[in-house]
Amino acid sequence: MVASKRYRFEEVKDFAVRYFSAMDVPEIDARIAADVLLSADLRGINSHGVIRLRSYYGDHLENRLINPHSPIRTLTETPSTLALDGGNGLGPVVAYRAMSRCIEMADETGLAVTTVRNSNHFGIAGYYAMMALPEDMIGISLTNSQPLVAPTFGLSRVIGTNPIAVAIPAGEEKSFVLDMATSIVPLGKISVYDKTDQPIPEGWAINKNGELTQDPSEMINGGALLPLGGSAVMRGYKGYGLSLLVDLLSGVLAGAAFGQKVGKPGKEGNADVGHFFAALKIENFRPVDYFKADMDEYIHTIKASPKLPGQEHIYIHGEKEEALTEKYLQEGLPLLDEIVSGLEKAGQQAGVDFDLKPID
């Protein structure tokens with residue numbers, strides 16, 4: 001059994017803010033980045049949470065492979081479209097500001113699209129899509145990523161895990177929040193299995209010889225993830241097509257890197273990750289109350305439909321994650337002991353004390 005302890009969410013978030021600040025990130029940006037990171041843990045997506053505080057963000061900030069000041073620059077702008085250069089900044093900060101501007105434009109025009117080039121890994125895509133919900137808007141968030149996925153019939157890493165997130169508000173029912181990689185799983189999920197010495201389920205990845213593997217290290221060291229669906233016989237070409245679509249919108253359209261050109265920041269240059277955001281103002285299409293009533297009716301119909309033997313609940317996308325968020329805010333955020341050890345070490349290296357005590 002993997003050991004973990006619960007910690008108060010606000011205390012973990014405060015540590016993350018102090019850590020980012022120690023890396024020369026302005027405080028307001030440090031709070032944004034910490035909120036994005038911790039939102040992943042709250043929603044049970046620990047592959048994109050504080051596990052990456054040091055291993056990705058801290059390492060790249062410390063070595064100045066990411067600009068801690070995130071100097072965003074406007075490239076082109078119309079009343080409903082915006083193209084930004086992220087200045088090789090902190091991905092969560094760049095994405096937050098890009099989606100904020102997208103929502104502001106949509107409030108005026110009813111529909112807006114923002115693209116971003118020259119950015120970095122931005123955490124969970126769902127965070128930015130959900131930013132539209134309080135404004136009675138539909139939010140869309142896409143990003144490309146470094147190549148980790150083999151295309152259908154392919155052997156090597158050619159495309160990214162390229163997530164898709166869409167958030168749509170409802171009335172009495174929970175909002176619909178789809179947040180998914182276009183691979184079977186993201187790399188972070190493989191990393192969690194690797195850190196906890198657990199085999200991955202068969203069908204998630206192949207090794208460097210193109211053989212299915214359950215050893216996470218074989219995938220990490222020269223293997224590849226499979227697209228959503230898996231092999232061709234399981235119609236994995238659908239996930240492959242979705243991944244390619246994300247890259248065309250967030251990479252090619254944005255003028256960012258795409259395909260095998262998307263890389264880790266380093267001597268070769270910036271990672272040049274691309275993002276795509278959209279916001280749709282519902283009242284510009286129909287009255288919001290009627291829209292939400294229809295959302296409620298549809299969701300209720302799905303949840304009330306007949307269930308498989310032994311099953312008591314049909315979930316709507318985002319429902320489980322919202323329930324976890326409420327639970328963890330009340331009872332504490334569970335963190336693996338190995339992750340806590342990593343945070344302690346990261347704090348020592350940055351001169352930031354990790355003085356958090358687990359909840360009894």
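## Basis of the description

Axes are lines fitted to C-alpha atoms, for helices over the stretch in contact, and angles run from 0 to 180 degrees between N-to-C directions. Helices (H or I, at least four residues) and strands (E, at least two) are DSSP runs, numbered from the N terminus.

The structure is a predicted model, in which local features need pLDDT of at least 70 and side-chain atom pairs count only at pLDDT 80 or more, while totals for chains, interfaces and linings use all residues. Residues are numbered from 1 along each chain as its sequence is written, and side-chain values use heavy atoms, with hydrogens and water left out.

## Helix packing

Two packed helices are described by the angle between their axes and the distance between the axes. Helix 1 (residues 9–22) packs against helix 2 (residues 27–42) at an angle of about 135°, and their axes are 8 Å apart. Angles under 35 degrees count as roughly parallel, over 145 as roughly antiparallel, 65 to 115 as roughly perpendicular and the rest as oblique; helix 1 and helix 2 are therefore oblique to each other. Their crossing is right-handed (a crossing is left-handed if the near helix is turned anticlockwise from the far one by less than a right angle, and right-handed if clockwise). Contact means heavy atoms within 4.5 Å, and the residues of helix 1 that meet helix 2 are F9, V12, K13, A16, V17, F20 and S21, facing E27, A30, R31, A33, A34, D35, L37, L38 and L42 in helix 2.

Helix 2 also meets helix 4, where the axes come within 8 Å and cross at roughly 95°, so helix 2 and helix 4 are roughly perpendicular to each other. On the helix 2 side this contact is made by I28, D29, I32, A33 and V36, and on the helix 4 side by P92, V93, Y96 and R97. D29, which lies in helix 2, counts as buried because its relative accessibility is 6% (buried means under 20% relative accessible area, exposed over 50%, partly exposed in between, with a 1.4 Å probe and protein chains only). Not counting residues up to four places away in sequence, D29 touches H69, V93 and R97.

Seven strands form an open sheet with mixed pairing, in the order 2-3-4-11-5-6-7. Strand 2 (73–77) and strand 7 (176–180) are the edge strands, each pairing on one side only, and the twist from one strand to the next averages 15°. Two strands pair if DSSP finds at least two bridges between them; strand 4 (residues 111–119) and strand 11 (residues 273–281) are joined by seven bridges in the antiparallel sense, with L111 standing opposite L280 in strand 11. Helix 4 (residues 91–109) lies across strand 2, strand 3 (81–85), strand 4, strand 5 (137–143) and strand 11, and runs at about 160° to strand 4. Helix 8 (residues 237–252) packs on the sheet as well, touching strand 4, strand 5, strand 6 (164–168), strand 7 and strand 11, and its direction makes about 95° with that of strand 5.

Strand 6 is mostly covered, since five of its five residues are buried, with I164, V166 and I168 on one side and A165 and A167 on the other. Strand 6 pairs in the antiparallel sense with strand 5 over four bridges, one of the pairs being L142 with I164, and in the antiparallel sense with strand 7 over five bridges, where the bridge partner of A165 is D179.

A nonpolar core is a set of buried Ala, Val, Leu, Ile, Met, Phe, Trp, Tyr and Cys residues joined through side-chain atoms within 4.5 Å. The largest such core has 69 residues, of which F20, L90, M99, Y128 and F277 touch the most other members. L90, not counting residues up to four places away in sequence, touches F20, V25, A33, Y57, L61, I66, N67 and S70. Another core, of 15 residues, lies apart from the largest one and has I168, A170, V246 and I299 among its members.

M131 is placed in the loop between helix 5 (126–130) and strand 5, and M131 counts as buried at 16% relative accessibility. Leaving aside neighbours within four places in sequence, M131 is in contact with Y96, M99, S100 and I103. M131 and A167 are 36 residues apart in sequence, while their C-alpha atoms are 8.5 Å apart in space.
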